[in-house]
Amino acid sequence: MSYRDFVNRLRSLKMLKTNAENFHQPVLLDETLRLLQPRAGEIFVDATLGLGGHAEAILESAENITVFGIDRDAEAIGHAEKRLAKYGERVKIIHTNFSEIKEVLAEAKVENVSGILADLGVSSLQFDSAERGFSFRFDAPLDMRMNAEPETETAAELLENSSEEEIADIIYKYGEERLSRRIARRIVWKREIGEPIKTTKELAETVEKAIGRGSAKDKIHPATRTFQALRIAVNQELEILEDFIRDSIDVLKKDGRLAIITFHSLEDRIVKHTFQKLAGKCFCPPRIPKCVCGAEKIIEILTRKPVIAGDAETLENPRARSAKLRACLKIN
Ligand SMILES: C[S@@+](CC[C@H](N)C(=O)[O-])C[C@H]1O[C@@H](n2cnc3c(N)ncnc32)[C@H](O)[C@@H]1O
């Protein structure tokens with residue numbers, strides 16, 4: 001029996017919790033605290049507050065810690081506010097994009113931040129809410145916005161308003177899907193015959209019709225990569241990441257720490273390379289006489305390899321399986 005079959009078997013026997021029951025379980029919690037090293041009286045930023053699990057653990061880890069919690073999702077903010085209400089003035093919750101971290105801290109006149117955490121991607125709350133349209137496990141309007149403001153484009157609108165080439169590029173780049181052109185062709189064909197894709201089920205079926213079910217060995221649904229790609233595009237998840245890391249280092253005090261948890265290789269690559277650049281690695285092409293990429297050493301990388309979850313955690317919380325944690329220390 002494979003490891004995955006074993007876990008599914010335990011789950012079917014109700015010996016393990018399901019995803020929904022894992023709703024609030026923060027991933028790599030002990031490892032994150034070990035790297036952030038919270039101490040009494042310090043100020044932290046949780047840039048992806050979600051349901052407040054990591055924030056609560058930081059607040060509990062030493063006396064009198066203050067946490068600024070940021071999230072772009074109003075529903076998540078509501079849950080976190082309730083969960084963290086008992087900490088009173090020690091918690092400040094801000095509904096915004098973490099790309100605004102500098103403005104948030106400037107407005108609060110805070111200059112001595114000791115640690116920043118970003119636990120990227122979607123929360124279980126978002127993924128398991130049928131009506132948010134993140135998952136093909138439920139039939140719902142194809143939305144996928146983390147910040148469900150009327151002015152932001154839904155995934156259905158993105159598919160309606162983009163050219164075939166643009167759709168193919170999104171699915172290829174953000175989903176690492178080899179068969180992106182076939183999928184884009186079918187999506188646009190549906191539009192042309194007057195049946196634009198409006199729901200998660202329609203998208204999942206369209207992808208399956210375009211590229212087939214895959215072989216029995218394929219462990220994931222054929223639409224998984226397309227869904228990931230659209231989510232990343234709708235929420236512009238990758239565009240802001242490098243700037244966010246640079247801004248975080250700017251606002252940290254000397255010896256402050258930044259920890260980032262990612263859930264797919266595209267994000268992890270950006271974190272790894274940005275950390276390397278800030279740690280002084282030169283990315284100029286070979287044979288250039290003088291460095292022009294602006295490499296300067298302002299951080300020390302604390303995780304030579306990404307920290308990943310152990311068997312016990314992945315068994316308890318399947319979301320942890322793809323989590324990678326990297327951290328660094330500001331030295332200048
Ligand atoms: C994986 S969850 C965080 C879970 C949290 N650590 C906990 O313990 O409950 C990620 C959260 O980050 C938020 N998020 C993702 N990108 C964001 C961004 N650019 N700015 C602010 N929040 C963001 C999502 O809305 C989601 O609530």
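## A buried ring and its partner

Let's start with Phe-227, which is buried, with a relative accessible area of 3%. This is a predicted model, and Phe-227 pairs here with Phe-136 in an edge-to-face arrangement, 5.1 Å centre to centre and with 80° between the planes. Phe-136 sits in the loop between helix H6 (124-127) and helix H7 (155-161), while Phe-227 belongs to helix H11, so the pair ties together parts that are 91 residues apart in sequence.

Phe-98 and Phe-244 make a tilted pair, with 4.2 Å between centres and 40° between planes. Because Phe-98 lies in the loop between strand E3 (91-95) and helix H5 (101-107) and Phe-244 in helix H12 (residues 241-251), this pair links parts 146 residues apart in sequence. Phe-98 is buried, with a relative accessible area of 11%, and Phe-244 is buried too, at 1%.

## An enclosed strand

Now look at strand E4 (residues 113-119): seven of its seven residues are buried, so the strand is largely enclosed by the rest of the structure. Strand E1 (residues 43-46) runs parallel to E4, joined by four bridges, and strand E5 (residues 252-262) pairs with E4 in the parallel sense over six bridges. Ile-116 in E4 stands opposite Val-45 and also opposite Leu-258 in E5.

## The second largest pocket

This pocket holds about 270 Å³ of space. Its lining has 14 residues, with Thr-152, Ala-233, Val-234, Asn-235 and Gln-236 the closest to the centre. Helix H8 (164-175) and helix H11 (224-234) each supply at least two lining residues. By class, the lining has six nonpolar, four polar and four charged residues.

Notes
Residues are numbered from 1 along each chain as its sequence is written. This is a predicted model: local features need pLDDT of at least 70, side-chain atom pairs count only at pLDDT 80 or more; totals for chains, interfaces and linings use all residues. Side-chain values use heavy atoms; hydrogens and water are left out. Buried means under 20% relative accessible area, exposed over 50%, partly exposed in between (1.4 Å probe, protein chains only). Two strands pair if DSSP finds at least two bridges between them. On a 1 Å grid over the protein atoms alone, a cavity is a set of points where a 1.4 Å probe fits but cannot get out, and a pocket is an open set with protein on both sides within 12 Å along at least five of seven lines; lining residues have an atom within 4 Å of a point. Grid points are joined across faces, edges and corners, and a volume is the space filled by probe spheres set on the points. Ala, Val, Leu, Ile, Met, Phe, Trp, Tyr, Cys and Pro count as nonpolar, Asp, Glu, Lys and Arg as charged, and the others, Gly among them, as polar. Rings of Phe, Tyr and Trp (its six-membered ring) pair if their centres lie within 6.5 Å; planes under 30 degrees apart count as stacked, over 60 as edge-to-face and the rest as tilted.
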